[in-house]
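Welcome, and please open your viewer so that we can walk through this model together. At each stop you will hear what to select and what is there.

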2 protein chains.
Amino acid sequence: MYRSHTCGELRAAHNNTEVTLAGWVQGVRDKGFMVYVDVRDRYGITQLYFDEEQTSKDLLEQAQKLGREFVIQVTGKVQERASKNPNIPTGDIEVLVSDLTILNNSLVPPFTIEDSTDGGDDLRMKYRYLDIRRNPVKKSLIFRHKVAQAVRNYLSNEDFIEVETPYLIKSTPEGARDFVVPSRMNEGQFYALPQSPQTFKQLLMVGGMDKYFQIVKCFRDEDLRADRQPEFTQIDCEMAFVEQEDILNTFEGLTRHLLKEINGVEVEKFPRILYDDAMRLYGNDKPDIRFGMEFGELNAVAQHKDFNVFNSAKLVVGIAVPGGNAYTRKEIDKLIDWVKRPQVGALGMVYCRCNDDGTYKSSVDKFYDQDDLAKWAEVTGAKAGDLICVLSGETNKVRAQLSALRMELAERLGLRKPNEFAPLWVLDFPLLEWDEDTERYHAMHHPFTSPKPGQLELLGTNPGDVKANAYDLVLNGNEIGGGSIRIHDKETQAIMLKHLGFSEEEARAQFGFLMDAFEYGAPPHGGIAFGLDRLVAILGGQETIRDFIAFPKNNSGRDVMIDAPAPIDEEQLTELNLKLNLKS
Amino acid sequence: MYRSHTCGELRAAHNNTEVTLAGWVQGVRDKGFMVYVDVRDRYGITQLYFDEEQTSKDLLEQAQKLGREFVIQVTGKVQERASKNPNIPTGDIEVLVSDLTILNNSLVPPFTIEDSTDGGDDLRMKYRYLDIRRNPVKKSLIFRHKVAQAVRNYLSNEDFIEVETPYLIKSTPEGARDFVVPSRMNEGQFYALPQSPQTFKQLLMVGGMDKYFQIVKCFRDEDLRADRQPEFTQIDCEMAFVEQEDILNTFEGLTRHLLKEINGVEVEKFPRILYDDAMRLYGNDKPDIRFGMEFGELNAVAQHKDFNVFNSAKLVVGIAVPGGNAYTRKEIDKLIDWVKRPQVGALGMVYCRCNDDGTYKSSVDKFYDQDDLAKWAEVTGAKAGDLICVLSGETNKVRAQLSALRMELAERLGLRKPNEFAPLWVLDFPLLEWDEDTERYHAMHHPFTSPKPGQLELLGTNPGDVKANAYDLVLNGNEIGGGSIRIHDKETQAIMLKHLGFSEEEARAQFGFLMDAFEYGAPPHGGIAFGLDRLVAILGGQETIRDFIAFPKNNSGRDVMIDAPAPIDEEQLTELNLKLNLKS
């Protein structure tokens, strides 16, 4: 054993105890005749003390030469500190060192190992092993472990069985791109890495496993946006003999347990909202309901006046910004610039000040009188002192734009409090969504989601109107989980695949095994999957997932620390029956 | 909810309760005026009862038409059975059905869903979802979950942190073949799937995580032998600031906990044996010590007589087979044929009967008298009634042959009891092993294993003699875990890689990031990895791992259920900058 205690363990009660510690040199304060060294490990920091009188001269000199991040082992006696540090748990004591061993040297690290480091993102990623020594990253990884453990223990206690499904599976053309793995033994053939264990968990239900879960890596070869990773972790769950209500209750239980156990927050029964209402009230299928600012649709009160911008719009919709009347004209102009940015894409913004004296002042006073504007205030719920922001245009677009504005303003107003948790179920998602690029319908969730009872017939006539037995769990404006009740009979699955554009042969080739399974007594079943990376980040009060992943990849899918991906040998390629076919 | 209770839940105490059950039809016993249906789910089997008097005629007829594996939902009243079945937990009751719904039909399954099925391996694998409904498979998967949970809870309580390491990493030429994953975004480059998270867990130690574990999938593209899978699961562990003794104690603790919690078996402190002694006494680095039959080396007592076979051998070695003198001449001849099979490869076998009257009768009486044979008995520990089996030849080969014979005989004698657990640490493995094919030394464990203190110099002169800080945990003749204290300084790692035949450039390209990390304060560290599939099978008292894996692959690495691997689209290949290069 290299140590008798950790660097976070010693207290005043240990005074006069002889101890051995091991860890990294956080810093050396050399006062000439005495030296303070802070030694750090996963558990904390302890002050080491060397002085000319009580320590040998040799030892003092050794201590003076210690560099940052040297790995040392020391033995000495715990003593009370002359000046205590109330900011750290070991702040009452120090160790008067009698023996010092340097276990390993260190070059000067490329950035400081401190809570606020001077290392930029690139350096931090290249030297991730040093970054992990920093408290914020270290704590995030430990936090992630605690969340995963809490999930596993909760679900195990609820009789769920964690079953490992395979990673080397079969490529499917539906959805995002697969990562593939050439097979050496099966010439010209490829495995695919799973985008999710979807079909396997359904087969486990057919197999009678009843309650399944798995915390599992999934893979998507997509062009990466910020804060997306090619490999990500899912809490994947499925249950048999259940209806939607059972799934909602079970996983509301899990989420409530996590909020309590991890964050110490008690949450009442989660509110539920229909997808259509979420879109109408928040312009968004994952609304942040920690604050109000619900949409007010103004068509009835703002159209049929002489303002053509509104008259020609499919939707005129506004929100009341609490206290927004305090904004100067300049600030409002900046807000208008903000909504006109290409990322948001509005053509303009109409606003209306709600003055303290009960009068209104809008940017379109030419067309609307005080009575008109009072109706705007009524519909948007604006009170004296607020600002009403109004956008107009094509329904889906204008909702997305106003949703972006709502989130931006809430952020600026400090309404998105990281320690407040507002979960929400969004129900009755559409079964299909229209894809502009391919000009056809895609499964909004996936091809195994069941339509609402009685809506199967609508598929032929009004496919866009068909609602699914699909639900999302939203937390603070993020989708943390999504799932559905699945199709469990072969006929419905065949109809669904046909509507998604699969020929009978394609359906057979891709999903034959699942359709076969449905013929041997498939029970009704459904499930949900949580994105663990995102869930952990939100529970941890953070916006980005990256520090909750030990070794993340950058936006080009590269691991810059190990320098992967990388070319492989010609020999290896030949063995895999492959040749490069480079474009450049 | 499709049910009020599970099919394994009802007892006499539920009599007269109205219940709803859902599950699969296990069987229908039609007595004409009454029908018994067994309904099954994950939790058990419940008898349903329909009769002409108490049930409607309609319902009775429906029940009569139920097929095996139909999915049904029934409502009815619990009542005492006329004739109880003490073999199942629900055997005291039955449900008098008042309502029956068929949730799904089933074709006649290709094999029976019973403990002993009539399905051969191929059918079972193709319809694995049906196979999983069978008790032995279902129970094995649940057992696996319990073991994994016990591991996680134990290690978490011991302050270990589960950290997820990446699956898309970099190919390394050392060891077994990697599965690779072409990168679309990084033209001509490939990720590799990890054979183990070895370097990442070492980097976590450099990063100060101190105590790491992970239950994680690993991948090896090897020609598959029986009972090997291209993807397998490891319990991967690493600790910083530890010596070998600390690792042994920690993971002996884990293993003891599992034996207690899972098997209810208390095991004393695990015995330890040196690798050299294991080879000498058992001819094997993973000896099964549930029984004796230790090797006795007979060179001193059997050479220098007139028997040239022995005289010319490097090693003459025997075992005493308890009670083996009962074998007939014919049985012994069969044993000799057995050791001469190509899989074992001995040229012949000498034997010596130990008669009850204290005399000996050997197959080489021409060369050895009673005194000589008495010495054989003394060295091998043979007693009256035993049979001494002696092999001779080149040391390594003859040890392997006698080890095979020892295991075979123990199996036949019933000495390998599945419910007896005999763990054993094997210590001080050689650092390197000679590879006949490539005519060079390979790392026996992996290139990051540290040599025993002071033996680094031997690497230049007697590489085969260098011992490593490496250890295996053996359970009942299977290696269930293996690990080592790692190299943690750049110089030693460089020397090691050089001796393994890496040029400086190759070492830099492959392991540069690790060697860099060693320069920034790497702590002493070491670890171990357990093969979860094998561990679970052994704790479950089974010889093969396959039923402890939900969806295993066959010996060609195929998943015959989903029919993977499979060809992919030309378009997908082009996008990955690849072309097929088929040999056939």
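Start by selecting His304(B): with 71% relative accessibility, His304(B) counts as exposed (exposed means over 50% relative accessible area, buried under 20%, and partly exposed in between, with a 1.4 Å probe and protein chains only). Look for His304(B) in the loop between α8 (299-302) and α9 (308-311) of chain B; helices here are DSSP runs of H or I with at least four residues, strands are runs of E with at least two, and both are numbered from the N terminus. The phi of His304(B) is near 65 degrees, a positive value in a residue other than glycine.

A word on the model before we move on. This is a predicted model, in which local features need pLDDT of at least 70 and side-chain atom pairs count only at pLDDT 80 or more, while totals for chains, interfaces and linings use all residues. Residues are numbered from 1 along each chain as its sequence is written, chains are lettered from A and ligands numbered from 1 in the order in which they are written, and side-chain values use heavy atoms, with hydrogens and water left out.

**Next stop: Phe241(B)**

Select Phe241(B), in the loop between β10 (231-240) and α6 (244-263) of chain B. Phe241(B) also has a positive phi without being glycine, here near 60 degrees. Is Phe241(B) buried or exposed? Its relative accessibility is 0%, so Phe241(B) counts as buried.

**A covered helix in chain B**

Now select residues 198-206 of chain B, which form helix α5. Nine of these nine residues are buried, so the helix is largely enclosed by the rest of the structure. Among the buried residues of α5(B) are Phe200(B), Lys201(B), Leu203(B) and Met205(B). What do the buried residues of α5(B) pack against? On the chain A side, the partners are β1 (18-30) and α3 (128-131); from chain B come β9 (211-219), β10, α15 (504-518) and β22 (525-531). Contact here means heavy atoms within 4.5 Å. Following α5(B), click on Gly208(B), which has a positive phi near 85 degrees.

Select Thr6(B), in the segment before β1 (18-30) of chain B. Thr6(B) counts as buried because its relative accessibility is 15%. Setting aside neighbours within four places in sequence, Thr6(B) touches Leu21(B), Asp41(B) and Tyr43(B).

**Where the chains meet**

Show both chains and colour them separately. Chain B and chain A each bring 127 residues to the contact. About 11400 Å² is buried between them, with carbon and sulfur atoms giving 58%; this buried area is the accessible area (1.4 Å probe) that two parts lose on being put together, summed over both. How many salt bridges are there between chain B and chain A? The count is 14, a salt bridge being a side-chain nitrogen of Lys or Arg within 4 Å of a carboxyl oxygen of Asp or Glu. To view one of them, select Arg177(A) and Glu575(B), whose side chains meet at 3.0 Å, N to O. Then highlight helix α4 (residues 135-157) of chain B, which gives the most to the chain B side of this contact, with nine residues. By class, that side has 67 nonpolar, 27 polar and 33 charged residues; Ala, Val, Leu, Ile, Met, Phe, Trp, Tyr, Cys and Pro count as nonpolar, Asp, Glu, Lys and Arg as charged, and the others, Gly among them, as polar.

**Across to chain A**

Of its 584 residues, 59% count as buried.

Select α16(A), where seven of eight residues are buried, including Leu532(A), Val536(A) and Ile538(A). Just after α16(A) comes Gly541(A), with a positive phi of about 75 degrees.

**Last stop: a cis bond**

Finish at Pro565(A), in the loop between α16 (532-539) and α17 (570-575) of chain A. The peptide bond from Ala564(A) to Pro565(A) is cis, with omega near 0 degrees. Then switch to chain B, where a cis peptide bond joins Ala564(B) and Pro565(B).
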